[in-house]
Amino acid sequence: MTKPPAAVSESQDEPTLKRVMGPWLLLLFIVGDILGTGIYALTGQVANDVGGVVWLPFLVAFVVALITAFSYLELVTKYPQAAGAALYTHKAFGIQFFTFMVTFAVMCSGITSAATASRAFAANFAEAFDLDVRTGVGITLIGIVFMIAVAAVNFRGVGESVKLNVLLTCIELSGLLIIVFIGMWALGIGEGDFSRAATFDTGDRSALGGVIAATTLAFYAMVGFEDSVNMAEECKEPSRIFPKVLLIGLVSTGVIYMLVSVTAIALVPADELGEGDTPLLKVVQAGAPGFPIGIFAFITMFAVANSALINMLMASRLLYGMSRQHVLPPQLGRVHRTRRTPYIAIGFTTLLALGLITIVGEVPQLGGTTALLLLCVFTVVNVAVLVLRKDTVDHKHFRAPTVLPIIGAISCAFLATPLTDRDPAQYKIAGVLLAIGVVLWFVNNLANKKLGVKAELHPEFLGEEGVPPGPMN
C-alpha cells in the first residue's frame with residue numbers, strides 16, 4: 001500500500017489514536033450503542049403507528065439490520081481499517097465526491113442520533129426531578145447542557161469514553177431487564193393484557209402501510225453496529241473478533257427489544273404509550289407501581305447518555321479523518337497533545353448537535369432522520385459488497401451469502417423512500433445537513449487551489465495521519 005498523494009503535511013510526531021478495544025469492550029460498545037434511545041424513547045411513537053403490534057416494526061427493523069450487518073462483516077474483515085462505509089464506497093466506486101457524501105452522511109447520522117438522545121435525556125431528567133419543563137425552552141436548555149457534558153467526556157479520550165460506555169451499557173441493560181421482569185411478573189399473576197400484542201391500529205393506513213411507516217422509525221433503534229466499524233483503528237484484531245461479537249450483540253439486542261415491546265403494550269394501551277417521550281416510565285408505573293419511578297428515570301437518562309456518547313465519538317473521528325486529508329479544513333484534524341483526541345472536530349460536531357437540539361427538537365423527527373441517513377448509507381454498502389467481490393485480499397475474511405446484500409440493498413432503499421409515508425420534515429433535516437457538507441467540500445476545494453494543495457479522500461487512512469497504518473499492537 002502506498003502513501004496517498006493527499007497525505008497530510010504535518011510532522012509525523014503528531015499524536016495518534018490508541019488501540020484500546022478488545023472483544024468484550026467491542027461487544028459492550030455495540031450493545032450499548034444499539035440499546036438506548038430508540039427503545040427507551042420511541043416505543044410509544046411506534047405504537048402510535050401500529051397499535052398493539054408494536055413489536056412487529058422492531059422485528060422487521062431487526063431483520064433488515066441483521067441482513068446489512070452481514071455485508072458489514074464481510075467488508076470490515078476484508079478491509080479491517082477505520083472509516084467503514086466511506087472506505088467501502090471508495091473502493092467500490094472510486095468517486096471522490098460520492099465517497100465524501102457517504103462519509104458526511106454517516107457523520108450526520110451520529111449527530112442527529114446524539115441530538116435525539118439529548119432530547120430524550122432532558123425529558124427523563126424533568127421526570128426524575130419532577131420539573132415542570134416537559135416541553136419548550138426548559139427541555140432545550142437541559143438538552144444543551146447535556147450535550148456539552150458529552151463533549152467534555154469525548155475530549156477526555158476514547159479510553160475513558162469506552163470505559164464509561166461499559167458502565168452506562170450495564171445500567172441501560174438493567175433498565176430493559178427490569179421491564180422484562182415486570183412483564184414476566186404481570187404474566188405470572190394474570191395482570192396486563194397480552195392480547196393487545198396481536199391487535200392493529202394503523203389509522204387511515206392499511207395494516208401493511210402502518211407497519212412499514214413504523215419500521216422507518218423503529219429502524220433507528222437497531223442502528224449502532226456500524227459505529228463499531230468506524231472504530232476499527234482503535235480495536236484490537238478486528239478481522240478476528242468482529243463476526244462473532246457483532247452477531248452476538250445484534251441478536252441479543254433484538255431479543256430484548258421483542259420482550260420489552262410486548263411487555264410495554266401488555267401493560268399500557270397504545271394510545272397512552274404514545275403520549276410524550278418517556279414511554280417506558282409509564283410501563284414501570286403500570287406494572288410495578290411500588291417501584292421508585294425516579295430510579296427508573298435515572299436509568300433511562302444513563303441509557304440515552306450512552307447513545308449520545310458513542311455517536312459523538314464516531315462523528316468527531318470521521319470529521320477528524322477527512323480534515324487530515326485536506327478534504328475539510330485542516331484545523332478540524334488537530335489532535336490535543338495531552339488528551340490525544342481530535343478536539344476541534346469534537347467542538348464542531350457538538351455545535352451541529354446543539355443546533356439540531358435548538359431548532360428541530362422533536363425526538364421522532366431526529367430519530368427518523370438518523371434512520372433515513374443510515375438507510376441510504378446501508379443501501380450503498382450492500383451494493384458495494386457485490387461490486388467488491390472482484391477485489392481479492394491476502395487474508396481470510398467473512399463472506400456473506402450473495403442473496404443477503406441484494407435483499408439488503410432493496411429493503412434499505414425502499415425504507416428510505418417517500419413510499420413508506422415517512423414524514424417530509426425528515427428529508428428537509430437530512431437535506432440541510434448534507435447541504436452543509438456540499439458547501440464545505442466546494443469552499444475547501446477553492447481554498448486548496450489557492451494554496452496549491454491537492455486534496456483526495458482516502459478512507460483507508462481516515463483514522464491515521466494520512467499515512468499507511470502500521471502493524472497492529
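1. Helix H5 covers residues 96–128, and its 33 residues should span 48 Å at 1.5 Å a residue. The end C-alpha atoms lie 48 Å apart, which agrees. The expected span is 1.5 Å times one less than the number of residues. Helices are DSSP runs (H or I, at least four residues), numbered from the N terminus.

2. This is a predicted model: local features need pLDDT of at least 70, side-chain atom pairs count only at pLDDT 80 or more, and totals for chains, interfaces and linings use all residues. Residues are numbered from 1 along each chain as its sequence is written, and side-chain values use heavy atoms, without hydrogens and water.

3. H5 is largely enclosed by the rest of the structure, because 28 of its 33 residues are buried (under 20% relative accessible area, 1.4 Å probe, protein chains only). Asp130 follows H5 and has a positive phi, near 50 degrees.

4. Helix H4 (residues 85–93) is mostly covered, with seven of nine residues buried. Among them are Leu87, Tyr88 and His90.

5. A cavity is a set of points on a 1 Å grid over the protein atoms alone where a 1.4 Å probe fits but cannot get out; lining residues have an atom within 4 Å of a point.

6. The lining includes Asp33, Ser113, Tyr220 and Asn311.

Terms used: Helices (H or I, at least four residues) and strands (E, at least two) are DSSP runs, numbered from the N terminus. Buried means under 20% relative accessible area, exposed over 50%, partly exposed in between (1.4 Å probe, protein chains only). On a 1 Å grid over the protein atoms alone, a cavity is a set of points where a 1.4 Å probe fits but cannot get out, and a pocket is an open set with protein on both sides within 12 Å along at least five of seven lines; lining residues have an atom within 4 Å of a point.
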